[in-house]
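Colleague: I would like to go through the labels on this model one by one. Please give the cut-off behind each label.

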Amino acid sequence: QVSEEFAKQIENFTALPALYRHALNELENKIDILKTEWQARDGYSPIEHIKSRIKDPKSILHKMERKGHEFTLDNMEQHIHDIAGMRIVCAFVKDIYRLVDHLCAREDMRVLEIKDYIAHPKSNGYQSLHLIVAMPLVLLEGTRWVKAEIQLRTLAMDFWASMEHILYYKFDKQLPSHVAEELKEAARAADELDQKMLRLRREILELAERPAEE
Ligand code: 0O2
């Protein structure tokens, strides 16, 4: 005989992946509209491309273990913020902050937390800006707020982070110090590339605005 409480837990557990998928779909839709509008209005969208995913159950379990949380649904919902995850890649750093300002001002989502690893890179050199947001889903039972993580990066930061993820992230041994130093050096190079591109953009925009010489 299955107790009522256990049956409820099973029901909640099976409903969860669909909730996170719906939250991500809503988010994708909003970002898509934004991209189209920016493109139509300014002829340029700060959003280069987006990628989203639902974290696989194995990764969720590993993360809970890593953080020292016992596996319960409550703990998972409370402590794992990136079950629904979206990465937004922008061309320039200032596009990221422009987008963050916009997202913070919207009334159809809540920004719960901002982690600015661009202003404060991680010790390994990792740069990105993370937002933990909550998306409202209108269900039969009422409105339920579902969390999602948005990672915002430039193309150069994305290149570094994707490579570092392949090379090292979750590698469970200590990296030799010269390898760690070289990874950091590569992150600095990515940062310099971002700054150089921004300078070039400014220069090109100035040239475009200058009246044509006789
Ligand atoms: P995966 O496999 O990419 O999904 P906290 O919010 O502090 O409770 P959390 O969620 O670990 O804990 O915070 P943080 O530091 O914001 O990291 C969230 C995600 O950012 C990670 O998810 C990675 O995707 C990415 N990330 C963070 N640090 C690094 C890094 O040093 N290198 C790379 N390449 N990515 C990083 P997961 O679940 O750890 O990994």
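Colleague: At what angle do the axes of helices α5 and α6 cross?

Modeller: The axes of α5 (residues 155–167) and α6 (residues 177–209) cross at roughly 160 degrees and come within 8 Å. Axes here are lines fitted to C-alpha atoms, for helices over the stretch in contact, and angles run from 0 to 180 degrees between N-to-C directions. Helices are DSSP runs of H or I with at least four residues, strands are runs of E with at least two, and both are numbered from the N terminus. The model is predicted: local features need pLDDT of at least 70, side-chain atom pairs count only at pLDDT 80 or more, and totals for chains, interfaces and linings use all residues. Residues are numbered from 1 along each chain as its sequence is written.

Colleague: Why is α5 called roughly antiparallel to α6?

Modeller: Angles over 145 degrees count as roughly antiparallel, under 35 as roughly parallel, 65 to 115 as roughly perpendicular, and the rest as oblique. The crossing angle is roughly 160 degrees, so α5 is roughly antiparallel to α6.

Colleague: Which residues make the contact between α5 and α6?

Modeller: From α5 they are Ala156, Met157, Phe159, Trp160 and Glu164, and from α6 Leu183, Ala186, Ala187, Ala190, Leu193 and Asp194. Two residues are in contact if their C-beta atoms, placed from the backbone, lie within 7 Å.

Colleague: What does the UniProt record say about residues 183–210?

Modeller: The unreviewed UniProt entry annotates residues 183–210 as "coiled-coil region"; such annotations may be inferred rather than shown by experiment. In the model, this span is 96% helix and 0% strand, and its end C-alpha atoms lie 41 Å apart.

Colleague: What makes leucine 152 buried?

Modeller: A residue is buried if 20 or more other C-beta atoms lie within 10 Å of its own, exposed if 12 or fewer, and partly exposed in between, with C-beta atoms placed from the backbone. Leucine 152 has 27 such neighbours, so it counts as buried. Leucine 152 lies in strand β5 (residues 142–154). Beyond four places in sequence, leucine 152 touches Ile88, Cys90, Ile96, Leu99, Val100, Ser128 and Leu129. Isoleucine 96 is 56 residues away in sequence, with 6.3 Å between the two C-alpha atoms.

Colleague: How do you know whether aspartate 95 is buried or exposed?

Modeller: Aspartate 95 has 21 C-beta neighbours inside 10 Å and therefore counts as buried. Aspartate 95 is part of helix α4 (residues 93–105). Apart from neighbours within four places in sequence, aspartate 95 is in contact with Pro46 and Cys90.

Colleague: Why is proline 17 called partly exposed?

Modeller: Proline 17 has 13 other C-beta atoms within 10 Å, so the label is partly exposed. Proline 17 belongs to helix α1 (residues 4–42). The C-alpha atoms of proline 17 and isoleucine 54 are separated by 8.1 Å, with the residues 37 apart along the chain.

Colleague: What makes histidine 165 exposed?

Modeller: Histidine 165, in helix α5, has 11 other C-beta atoms within 10 Å and is therefore exposed.

Colleague: How many of the residues in the whole chain count as buried?

Modeller: Of its 214 residues, 20% count as buried. The chain has 6 helices and 5 strands, in the order α-β-α-α-β-α-β-β-β-α-α.
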